[in-house]
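Biologist: Hi! Could you walk me through this one?
Modeller: Happy to, let's look together.

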Amino acid sequence: MKNCTYLIYFFFLFASFSCAKKVNPVMSDLKYSPILSVSLDHYKSPQKRKGQNENLSIGLAISGGGSRAEYFGFGVLIGLDEIAYTENIESSFLNEVDYISTVSGGGLGAGYYLSLKKHQVLEDYDNLLNFWDTDLRRDTLSSYLFESSTILNLFKLKRLERTGRSKFPGRVEWEILQEGKKYRGNKIGPLSLGNFFIEKKSSLAVNLPMFVVNGTILNNNERIPFMPHIVDKLKISGALMPHEPFKNLNKGFGFPLNHAIVSSNSFPGILPIPKYSIKDSDEVIRIVDGGVVENFGYRTLFELLDADKNTIDKKRALIVDCSGEVDGNQYEENERIKLARLLPSALFYTLSTRYLPSNERIKELANFYNYDNENIKRIGFSTIKKHFLDEKIKANPAALKDLQIVREMLIKERVRKNRKQKSIRKRNRKHVVSQEFLRRINAINRTKNFSGQEKEAVYNTQKYSQIPTAMFDHFTLAEIFLLYELSVQVQTKLKIYPWEKEILVLAGRYAVYLEQENLKRLLE
């Protein structure tokens, strides 16, 4: 079975590059074009937004990691919106963020949030969590951030790539950015880089943080932050593939956001590789997943903060690690992309990126820019794991015995009758461990009366993400363990189940909750 998986992956990998040449055999790859550095010289400051503290610069980086990054990252955004800003009770940590740098799946959750913000959908709600728990989100807008793909979609995508008519950008526009849907009777329109980068000479006001999606130029393996002046320097004039092409692009401000997000998510050999035409040239630029070079977005974030006008002691960075547990050594590739090396990281149906920087490398770059390490915070699944280990040291015998019960349940769930290991995720069956977590959540709710209904179990697997923050303090060692295991072991597959999406959002919120005091200090 394993050998079959490898063969299928190689088939799609070969088809991807074969089809790339069939789209337009006349054109060839651009050999080399230097990427301009990150610069803010051309744009109005995002700190000019109404109610912003202009004397504080806050940057947020959200890593890649497929569906896991998409939903865990969005859960972090919800958690940040629950942290009130000390100087402005009507604001929140999330509202104070000036720069957002994302890679791959992290850009999907951020794009969803920013589309809601751009179209004033969130103005009727106290925070992002209140919106998430509404019929509007479930019935009118996308029920989730992105409808899952299936194995058949891969065959369809390859066929569409061969004809140059992939619908992937349209799916991002419709499901992530909400384009074409209606809110308050108004149709939601498309987004472009010009919505997040406002020219200094423009009369338009700045209403959104600066949003930078990161990709990798396959032609020469360079990181490309999608910013208007960088798009202009590359002389990108239009999209050749995927379908829904744009033509005669005059300025980078008009570059469609959905194409930037698609490029950042296009893992080689799995999804279609976007190709862009160059003005007055027969060469093309192919852009793939940003995680191939740097999976956290922290380099672009540090460059944005470095270019910011504020003094060094007024700059803050939060790096969100959505990568989950990683086997093997952590490393980054600086050489030209060698797809054979990606095979252990991206088997046919599982995207499990290994291009992860260590804390030491982040500190090295922070020191290069003279950033105080106290002003840089990193959170992720490891935040929950550390909390679990700390609590385990202090736990009493009863708590440890309870933990052992759920551990044995987890082991039983993961082992086949022939004693071979498998994922805890069972297809088309009730997930025993998830149901146990649900039972415990409802028990806490009934005991503490968080919902106002003392005798009724009110939560199901579709409502994990809406668990009230006040309940977090009452999680026992066993509940913390279950939350960590259920969320971290969601594989970054093209298809994940609704309960997995819900548990990831909850885990993101919980990670922020655990670090809320440290995060509040970043606002000082």
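Biologist: How many of the 13 residues of α4 are buried?
Modeller: In α4, 11 of the 13 residues are buried, so it is largely enclosed by the rest of the structure. Buried means under 20% relative accessible area with a 1.4 Å probe, counting protein chains only. Helices are DSSP runs of H or I with at least four residues, strands are runs of E with at least two, and both are numbered from the N terminus. This is a predicted model, where local features need pLDDT of at least 70, side-chain atom pairs count only at pLDDT 80 or more, and totals for chains, interfaces and linings use all residues. Residues are numbered from 1 along each chain as its sequence is written, and side-chain values use heavy atoms, leaving out hydrogens and water.

Biologist: Which ones are buried in α4?
Modeller: Among them are Gly-106, Leu-108, Tyr-112 and Tyr-113.

Biologist: And what follows α4?
Modeller: Gln-120 does, with a positive phi near 55°.

Biologist: New topic: is β10 largely enclosed or open, and why?
Modeller: Strand β10 (residues 236-241) has 5 of its 6 residues buried, so it is largely enclosed by the rest of the structure.

Biologist: Which strand is β10 joined to?
Modeller: 4 bridges join β10 to β11 (residues 275-278), and the two run antiparallel. Strands pair if DSSP finds at least two bridges between them. Ile-236 has Ile-278 in β11 as its bridge partner.

Methods:
Buried means under 20% relative accessible area, exposed over 50%, partly exposed in between (1.4 Å probe, protein chains only).
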